[in-house]
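Colleague: Could you take a close look at the pockets in this one for me? I'd like to hear what lines them.

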Amino acid sequence: VARLYPQSAIAFAGKAFLCRAMCRIVAEEGLHLDVASGGELYTALSADFPPERLVFHGNNKSTEELEMALEAGVGRIVIDNDFEIDLLERLTAARERAVSVALRVSPGIDPDTHELISTGQVDTKFGFDIGSGAAMRAVERVHQSRNLDLKGAHCQIGSQLMDLSAHLPAIDQMLDFAKEARDSLGVEFGEINLGGGLGIRYTAEDEPPSMDDFAAQIVERFASGIQSRGLNHIALWQ
């Protein structure tokens, strides 16, 4: 991805497999690392993973976990719901510097995968729904906060995806969302994180795209979409 789109970043999902040795490998490869619990955050920090390259996810973060992330200085906290905005506002009230955050949004895409690993559809419990207006209201709220520095938006449409039939419309939805945020609120996203797990071959019939094909199609749709919507350059996270 970096070769095709220089302003990009790749984050390894700690939920796939995490131990201290894995954290060190991710760090050595120059990647970012997604963590989604206090335990995963602790593992990363105990392996001396650079905290500025940590992205803290999770749809039910506790006060203690958020305090741990703030104390460690993680690079991004991905906000998943209104209650989490409340918690962060309270926890950051006395801080001198704003905390970098992104909003997890649901683009309303129902991918072709098992229902238990589908996370981008309208009725998902993860993130702010774009279609209902909840996501834009969250953008407005965070943008007005003096304690939270909104960097952009994140979506995750599901896992074990065998083609790009969900990724490509998700890109369109996310860029439409970025354009609406700019046009209606004057908010410019600096980054968009396009989550979604590319599948692997479990059976002889499975034919997932190659990593090169996957990256090429994602970048082409993303770059052309930015240009057609007149958006300023946006970093691509994957």
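Modeller: First, a word on classes: Ala, Val, Leu, Ile, Met, Phe, Trp, Tyr, Cys and Pro count as nonpolar, Asp, Glu, Lys and Arg as charged, and the others, Gly among them, as polar. Keep in mind that this is a predicted model. By those classes, the lining of the second largest pocket splits into 6 nonpolar, 3 polar and 2 charged residues. Going through the names, you'll find A69, L70, G73, V74, G75 and I77, and then R95, R97, A98, V99 and S100. Two elements, α3 (63-72) and β6 (99-106), each give two or more residues to that lining. The volume here is about 210 Å³.

Now for the largest pocket, where the volume comes to about 1,100 Å³. It has 41 lining residues, and the ones closest to its centre are A11, A13, Q156, G196 and G197. Strands β2 (11-13), β3 (32-35), β8 (148-156) and β9 (191-195) each put two or more residues into this lining, as does helix α7 (211-228). The largest share belongs to α7, with 4 residues. Sorted by class, the lining of the largest pocket holds 18 nonpolar, 14 polar and 9 charged residues.

While you're looking around, a quick aside on the cysteines: the model has 0 disulfides. C23 is in none, and the nearest cysteine sulfur, on C19, sits 7.0 Å away. C23 has 1% relative accessibility, so it counts as buried. C155 counts as buried too, because its relative accessibility is 1%.

Terms used. Residues are numbered from 1 along each chain as its sequence is written. This is a predicted model: local features need pLDDT of at least 70, side-chain atom pairs count only at pLDDT 80 or more; totals for chains, interfaces and linings use all residues. Side-chain values use heavy atoms; hydrogens and water are left out. A disulfide is a pair of cysteine sulfur atoms within 2.5 Å. Buried means under 20% relative accessible area, exposed over 50%, partly exposed in between (1.4 Å probe, protein chains only). On a 1 Å grid over the protein atoms alone, a cavity is a set of points where a 1.4 Å probe fits but cannot get out, and a pocket is an open set with protein on both sides within 12 Å along at least five of seven lines; lining residues have an atom within 4 Å of a point. Grid points are joined across faces, edges and corners, and a volume is the space filled by probe spheres set on the points.
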